[in-house]
Amino acid sequence: MRGLLVLLLVLLAPVALGAPGIDALNVAPDGQGGQTYTLSIQVLLMMTALSLLPAALMLMTSFTRIVIVLSILRQALGTAQTPSNQVLIGIALFLTFFIMAPVFNKVYDEALGPYLADKMTAEQAFERAKQPVREFMLAQTRDDDLGLFARIAGVSGFQRNDEVPFSLLMPAFATSELKTAFQIGFLLFIPFLVIDLVVASVLMSMGMMMLSPLIISLPFKIMLFVLVDGWAMVMGTLASSFYV
């Protein structure tokens with residue numbers, strides 16, 4: 001719940017900047033003794049920002065790397081739709097909140113909490129909330145990816161981390177997360193690929209070419225994954241691969 005409040009602060013703070021409050025409904029006389037009701041443009045902007053919340057959750061946190069690795073792992077096991085997409089997304093979501101908990105707690109303590117207690121303005125809270133998120137994203141972003149988008153944008157080198165704009169940091173962070181996810185997925189794929197090759201070679205040497213190797217190798221891959229406590233190893237590797 002705290003993590004969602006933090007993301008809402010990051011998305012909705014620009015909407016509230018410079019406005020003491022958000023009027024949901026404006027009432028004005030229509031000149032004929034009646035009244036007209038109009039929605040404030042700030043409410044429209046707020047609803048637009050809320051629609052960006054899923055994208056922010058996926059591309060500004062650890063969610064992308066986790067869900068890609070879990071999807072590759074399912075493909076390597078050859079279990080088709082087991083676990084289902086809903087289960088994988090649920091695991092990725094809760095593991096994301098676990099990994100991002102230090103960042104969310106820091107944002108809540110330094111920005112959201114004081115803002116809700118009316119100890120600082122929305123602009124001050126937004127500036128403070130950006131710093132922990134920026135530090136987390138910069139820690140996961142490769143310098144090559146950051147330099148790539150800096151060259152595309154025509155921006156020179158940065159002396160400090162707070163000089164990197166979010167418009168440049170977000171695509172660089174997403175690119176780095178994709179690279180890291182596929183690297184981890186490649187390492188997970190190798191042992192299962194070896195089992196498939198061994199089973200296929202044995203079946204071919206026995207002349208059983210009409211029998212699909214996947215049918216025979218699937219129980220062995222599941223057994224290997226269970227014996228080495230695969231889920232704990234994958235979760236632990238994913239959690240320890242982030243620098244908070």
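The model is predicted, so local features were taken only at pLDDT of at least 70 and side-chain atom pairs only at pLDDT 80 or more, while totals for chains, interfaces and linings use all residues. Residues are numbered from 1 along each chain as its sequence is written, and side-chain values rest on heavy atoms, with hydrogens and water left out.

We may start with the helix pair. Two packed helices are described by the angle between their axes and the distance between the axes. Helix α5 (residues 85-116) packs against helix α10 (residues 230-240) at an angle of about 45°, and the two axes are 10 Å apart. Helices here are DSSP runs (H or I, at least four residues) numbered from the N terminus. Axes are lines fitted to C-alpha atoms over the stretch in contact, and angles run from 0 to 180 degrees between N-to-C directions. The angle makes α5 oblique to α10; under 35 degrees would count as roughly parallel, over 145 as roughly antiparallel and 65 to 115 as roughly perpendicular, with the rest called oblique. The crossing of α5 with α10 is right-handed, a label for a near helix turned clockwise from the far one by less than a right angle. On the α5 side the contact (heavy atoms within 4.5 Å) is made by Ile91, Leu95, Phe98 and Ile99, and on the α10 side by Met235, Leu238 and Ala239. By class, these residues are seven nonpolar, no polar and no charged; Ala, Val, Leu, Ile, Met, Phe, Trp, Tyr, Cys and Pro count as nonpolar, Asp, Glu, Lys and Arg as charged, and the others, Gly among them, as polar.

Turning to charged side chains, the structure holds four salt bridges, each defined as a side-chain nitrogen of Lys or Arg within 4 Å of a carboxyl oxygen of Asp or Glu. One of them joins Arg65 and Glu177, with 2.6 Å from N to O. Because Arg65 belongs to helix α4 (residues 63-77) and Glu177 to helix α8 (residues 166-205), this pair ties together parts 112 residues apart in sequence. Arg65 is buried at 2% relative accessible area, and Glu177 is likewise buried at 1%. The terms come from relative accessible area: buried is under 20%, exposed is over 50%, and partly exposed lies in between (1.4 Å probe, protein chains only).

A further salt bridge links Glu135 to Lys106, whose closest N and O atoms are 3.6 Å apart. Glu135 sits in helix α6 (residues 122-140) and Lys106 in α5, so parts 29 residues apart in sequence are tied together. Glu135 is partly exposed at 44%, and Lys106 is partly exposed at 34%. Asp145 and Lys179 also meet in a salt bridge, at 2.7 Å from N to O. With Asp145 in helix α7 (residues 143-153) and Lys179 in α8, the pair ties together parts 34 residues apart in sequence. Here Asp145 is buried at 2%, whereas Lys179 is partly exposed at 37%.

Helix α8 also carries Ser176, which is buried at 0% relative accessible area. Not counting residues up to four places away in sequence, Ser176 touches Gln140, Thr141, Arg142 and Asp145. The C-alpha atoms of Ser176 and Met137 are separated by 9.8 Å, although the two residues are 39 apart along the chain. Asp196 is likewise found in α8 and is buried at 18%. Leaving aside neighbours within four places in sequence, Asp196 is in contact with Leu214, Ser217 and Lys221.

How values were computed
Helices (H or I, at least four residues) and strands (E, at least two) are DSSP runs, numbered from the N terminus.
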